[in-house]
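Trainee: Before I use the labels in this description, I would like to see what each one rests on.
Mentor: Then ask about them in turn.

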Amino acid sequence: MIKQDYLIRMILEIITKIAEAILGKKKIKPQSWVEYDALTRQILGLTTEELRSASAEEILSVYEKDLDRWGKTELAAMTLLKIADETEDDILLKQKFRQDGLKLLKCVQSDSGTFSLQRTAIISLLESEDIK
């Protein structure tokens with residue numbers, strides 16, 4: 001139980017840092033990306049490359065029976081959104097990451113039984129940017 005509580009706190013801390021970067025339109029320093037990548041890989045059990053190549057549905061199925069399903073799904077979504085933010089050279093890839101991240105966040109928002117103002121703000125921001 002203590003291990004699961006610690007894992008949940010770590011997930012929330014990382015999500016908050018990424019959300020601050022997304023909402024503040026800040027770039028993450030390369031050194032910080034290395035740290036995030038290592039933590040994300042350890043928590044999610046997926047490398048950044050595996051996340052980049054997976055669809056939203058595949059990510060959902062990976063955590064389908066996991067006790068920390070929604071926390072991990074939200075972390076995967078936020079990581080995809082930050083990757084999209086940092087992708088400048090390939091518009092189609094950038095849009096794929098944004099759409100998959102948004103889809104995962106919406107699943108967490110509607111199906112997890114938890115509500116987050118931060119998550120709501122990011123969903124609203126992404127939807128308003130897609131309208132433009």
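**Core, helices and pocket**

Mentor: The largest nonpolar core has 36 residues, and I59 and M78 touch the most other members. This is a predicted model, in which local features need pLDDT of at least 70 and side-chain atom pairs count only at pLDDT 80 or more, while totals for chains, interfaces and linings use all residues. Residues are numbered from 1 along each chain as its sequence is written, and side-chain values use heavy atoms, with hydrogens and water left out.

Trainee: What makes a set of residues a nonpolar core?

Mentor: The set must consist of buried Ala, Val, Leu, Ile, Met, Phe, Trp, Tyr and Cys residues joined through side-chain atoms within 4.5 Å. Buried means under 20% relative accessible area, exposed over 50%, and partly exposed in between, with a 1.4 Å probe and protein chains only.

Trainee: What is M78 in contact with?

Mentor: Contact means heavy atoms within 4.5 Å. Leaving aside neighbours within four places in sequence, M78 meets I15, I18, A19, I22, L105 and I122.

Trainee: Why is α5 called largely enclosed?

Mentor: Of its 18 residues, 15 are buried, so α5 is largely enclosed by the rest of the structure. T79 counts as buried because its relative accessibility is 2%, against the limit of under 20%. T79 touches I18, W33, T40 and L51, not counting residues up to four places away in sequence.

Trainee: How do you know that the span of α5 is close to the expected one?

Mentor: The expected span is 1.5 Å times one less than the number of residues. For the 18 residues of α5 that gives 26 Å, and the helix reaches 26 Å from its first C-alpha to its last. In α6, with 21 residues, the reach is 30 Å and the expected value is 30 Å.

Trainee: What caps the N-terminal end of α6?

Mentor: D90 does, with a side-chain oxygen 3.2 Å from the backbone nitrogen of L92. Just after α6, G113 takes a positive phi of about 80°.

Trainee: Why are T87 and Y63 called buried?

Mentor: T87 is in the loop between α5 and α6, and its relative accessible area is 8%, so T87 is buried. Beyond four places in sequence, T87 touches K94 and F97. Y63 is in the loop between α4 and α5 and counts as buried because its relative accessibility is 2%. Leaving aside neighbours within four places, Y63 is in contact with L44, L46, R69, K72 and T73.

Trainee: What makes a space a pocket?

Mentor: On a 1 Å grid over the protein atoms alone, a pocket is an open set of points with protein on both sides within 12 Å along at least five of seven lines, and lining residues have an atom within 4 Å of a point. The largest pocket holds about 310 Å³. Its lining has 18 residues, and the closest to its centre are L12, W70, G71, E74 and T114. At least two lining residues come from each of α1, α5 and α7, with α1 giving the most, five residues.

Definitions and conventions:
Helix = DSSP H or I, 4+ residues; strand = E, 2+ residues; numbered from the N terminus. Polar contact = N/O pair within 3.5 Å; in protein donor to acceptor, adjacent residues only side chain to side chain. 1 Å grid on protein atoms, 1.4 Å probe; cavity = no way out; pocket = protein on both sides within 12 Å on 5 of 7 lines; lining within 4 Å. Points joined across faces, edges and corners; volume = space filled by probe spheres on them.
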